[in-house]
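Visitor: I would like to learn how to read a helix and a sheet in a model such as this one. Could you take me through them in turn?

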Amino acid sequence: MGFKRSFTAAVLVFFLSFLFCGCLPVLFGQKITGRVLAEDGETPVVGALVSVRAEDIRTRTDPDGAFQLRCPAGSSDPEITAWAEGYYIASTHPELDQTEVTLVLRPLPAEDATSYAWIDPKPESSQDACGRCHPMILAQWEENAHGQAVHNTRFYSFYNAEDVDGNPLNASGYLVDFPGTAGNCAACHAPGAAVDAPFSTDMNRVRGEITAGIHCDFCHKTGGIYLDPANGLTYPNVPGVLAMALLRPPDGDQIFIGPYLDIHDPDTYSPQISESDFCATCHQFSYWGTEIYNSYGEWLDSSYSQRGITCQDCHMPPSGDEYFALQSQGGLSHPPETIPSHFQLGLKDEEFMQTSLEMEVRSRVDDGRLTVRVELINTGAGHHVPTDHPGRHLILIIKAVDQSGNPLTQLSGPVIPAWSGDEAGMPGTVYAKVLEDALTGQYPVVNYWNPTLIHNDNRIPADGGREEEFSFRMRGDTARLEVRVLFRRLFQPIADQYGWDLSEIILNEQTLLIQP
């Protein structure tokens, strides 16, 4: 009995010693305390955010720069990171039995280095190419509108007055209307080139150059956006890159500005890169005093901004990836819902576009008269539908026919205007911001680089709707009603002139059989 008790006690002592000396941090999570200091190694950094990398665990430093946090249970090699505004992210790997760490923050460059050469993101371009670590993001970017900014033939058709095949036209174009100038188009379409020459960058000179456009290295060198604090909007006549605070590193250094707190030097964190503010400067501006692009302002006035739903939430939804960098390059698993994609969904994404509107159709027949009410409700876009380029529009088309397929006579309600294209004269209407040439009165026009006025604007705002009523004379006892809403990126006569594909999308359609 004595031997058994002694043996049992020895085993218990060994187990407890093993548990508390070695296994307890693994089972219950390692407690880490420490300090975050400035570059001199002495000055405490107050309010620095300290995180466990790839975990939703973070805290802030106190007035002495001190912090404490507990690593997750089962963590064998935790990485602790720290960040404060104006600094790179610092990181360290504490040993299993280490409970006290010091993180020293390195300050960001004091000014933007204009001599910096942009990194081409394609893997074959260099050892530093973004695509070497982020191939999934590169593939998404290459197919989106930002990735195509310096290749887009539709843009050059208006810039040069040519069709999409490059053939010159006897038509309006920026370089035709303002010869001898380059304009400020590059401030948004080629900000990588325009950053140091915003009013003298000829888009034809940089055409096809990835590093002249909207690319990884450019966006992730943007440290801030200048907005008017009085109204939250961009300043007048300060489009695109003119309102961006670029921070390029000096020779021998590097910096990447991103949405994550838990990476490490040469990365730093910017909350603004995940906010709609980041999109403002290229999606809200005027020409000649006329508001042309305003999706940011429309969002700002909507319930979406009040609810904290950002542009990125809709246009950069998570793809399901657990990694935003390859594991072989140090990428760690994150919850997929925390990793935004770079799809930047837009006009060519049909399913995405179809989520913007809901349609309700109601009908009744009284004394041989068919009355149709159509309500379109913007339920999925945090801005007007359609938004931005003034050539974009919706066409509501009503087709009412008898049992033989012959059109019913329209008695009341709007008809599609003559300038809309093939559907002109049919029952229906067009929803658009229609620009009018300020000198000739012609409308619709889309050459807003010349003075224009807003002829009318009946687009569908966020959280809002539009209702139309039509009536037809019944012929016989039954009728068929077809209601469609089309999206087009340009008015058909202008698209035909410049050789654009209409890129038509059916946003909604319903067919109803009308019976007594």
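This is a predicted model: local features need pLDDT of at least 70, side-chain atom pairs count only at pLDDT 80 or more; totals for chains, interfaces and linings use all residues.

Visitor: What does the backbone do just after H3?

Guide: Just after H3, Ala161 takes a positive phi of about 60 degrees.

Visitor: How many of the residues of helix H3 are buried?

Guide: Taking buried to mean under 20% relative accessible area, helix H3 (residues 153-160) is mostly covered, since 6 of its 8 residues are buried. These are Phe155, Tyr156, Ser157, Phe158, Tyr159 and Asn160.

Visitor: Which helices do the buried residues of H3 pack against?

Guide: They pack against three elements, namely helix H4 (174-177), helix H5 (186-189) and helix H12 (492-498).

Visitor: And how should I read a sheet?

Guide: Strands of a sheet pair through backbone hydrogen bonds, in either a parallel or an antiparallel manner. Here an open sheet of 4 strands has the order S14-S15-S21-S17, and its pairing is antiparallel. Strand S14 (357-366) and strand S17 (409-412) are the edge strands, each of which pairs on one side only. On average, neighbouring strands of this sheet are turned by 30 degrees against each other, direction ignored.

Visitor: How many bridges join S17 to strand S21?

Guide: S17 and strand S21 (residues 465-473) run antiparallel and are joined by 3 bridges.

Technical notes: Residues are numbered from 1 along each chain as its sequence is written. Side-chain values use heavy atoms; hydrogens and water are left out. Buried means under 20% relative accessible area, exposed over 50%, partly exposed in between (1.4 Å probe, protein chains only). Helices (H or I, at least four residues) and strands (E, at least two) are DSSP runs, numbered from the N terminus. Contact means heavy atoms within 4.5 Å. Two strands pair if DSSP finds at least two bridges between them. Axes are lines fitted to C-alpha atoms, for helices over the stretch in contact, and angles run from 0 to 180 degrees between N-to-C directions.
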